[in-house]
Amino acid sequence: VKHANLLQVDVVGRNFRREAGAPPDPSNEFIEDVVTNVVSSLRYTIGAPTFREFRLLETFWTVRYLADDGSDLPEAKGLVRGRVHAPFRFLFTGLDTTSWSAVKQRSFQFQPNLWERLYLDALFLLPEVGPALTVAISAIETATDQMIEHRLASQPAEAEKLITGNRLPQRLDKVAKQIAAVSLKDSATLWTAFDRLRRARNVAAHKGQPVLDGVLITDAVAQEMIVAIRPVLDWIESLMAPELRNHRDPHEPKWEWRSPVQ
């Protein structure tokens, strides 16, 4: 069962092309423009956060060709009376005996670190790219601030000064170098992963669209970018005490998918 919103749009015209195999008429681009305009206007005019903007290719939709009075058209050879688009995707989470063993080792009072929650929340927010990127950056910032406070536990005023007086890139570079003798820039791979996410998030926050180097970021690309910063979080955690590091099970279940080919 899936909770869904239904939107019906009537397009009035003459002589729609209905030949089997012909390009959709009205075109998908036209339908997407109309639906996006309606949903956006509704969302912001009446303040309805559940009215989400979306891409037509990622949404279930149907087109029905009707007579002027709204009745179904008669069947005719070579002509269609409707079109349908039904996208789907599968998401699997591996859970085997090794994972259960790791779970059972946790105490009843176990709580994950805030940045671990934020990292998983960022992935969960997809395909909402802008919010997902923002939460992912928040995960890095939260972990970085915790690392600074941990290493300067005896100097809380100095820790606060370094956090408030430096932007996140500076905290991962010169501040980390100052208090831990290392910098995220020491690893080109980790710094690039962080910098790409940071720049994309900044554009999304300031211009309303997630863009990186002039290219619009899709949800698939956003997922790759968020997954790429997991090692960045691991690097930050390595500068903290063991009890503040992640509690993930390093075991990765292997999947095999088989399907008959006809």
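The buried residues of H7 pack against H4, H6, strand S3 (211–212), H8 and H9. Here buried means under 20% relative accessible area, exposed means over 50%, and partly exposed is in between (1.4 Å probe, protein chains only); helices (H or I, at least four residues) and strands (E, at least two) are DSSP runs numbered from the N terminus; and a contact is a pair of heavy atoms within 4.5 Å. Keep in mind that this is a predicted model, where local features need pLDDT of at least 70 and side-chain atom pairs count only at pLDDT 80 or more, while totals for chains, interfaces and linings use all residues. Residues are numbered from 1 along each chain as its sequence is written, and side-chain values use heavy atoms, with hydrogens and water left out.

So who is buried in H7? Leu-190, Trp-191, Ala-193, Phe-194, Asp-195, Leu-197, Ala-200 and Ala-204 are. Just past the end of this helix, Gly-208 has a positive phi of about 85°.

Phe-194 also turns up in the largest nonpolar core, a set of 46 residues in which Ile-140, Leu-172, Phe-194 and Ile-236 touch the most other members. A nonpolar core is made of buried Ala, Val, Leu, Ile, Met, Phe, Trp, Tyr and Cys residues joined through side-chain atoms within 4.5 Å. Two or more residues each come from H3, helix H4 (129–151), helix H5 (156–164), helix H6 (168–180), helix H7 (188–207), H8 and helix H9 (230–237). H4 gives the most, with 11. For a close-up, take Ile-140: beyond its neighbours within four places in sequence, it contacts Leu-168, Leu-172, Phe-194, Leu-197, Ile-229, Val-232, Leu-233 and Ile-236. There is also a second, separate core of 9 residues, with Val-39, Leu-56, Val-63 and Val-80 among them.

Now over to Leu-79, which sits in the loop between strand S1 (61–64) and strand S2 (82–85). Its relative accessibility is 35%, so Leu-79 counts as partly exposed. Not counting residues up to four places away in sequence, Leu-79 touches Arg-18 and Glu-19. The C-alpha atoms of Leu-79 and Ala-20 are 5.5 Å apart, though 59 residues separate the two along the chain.
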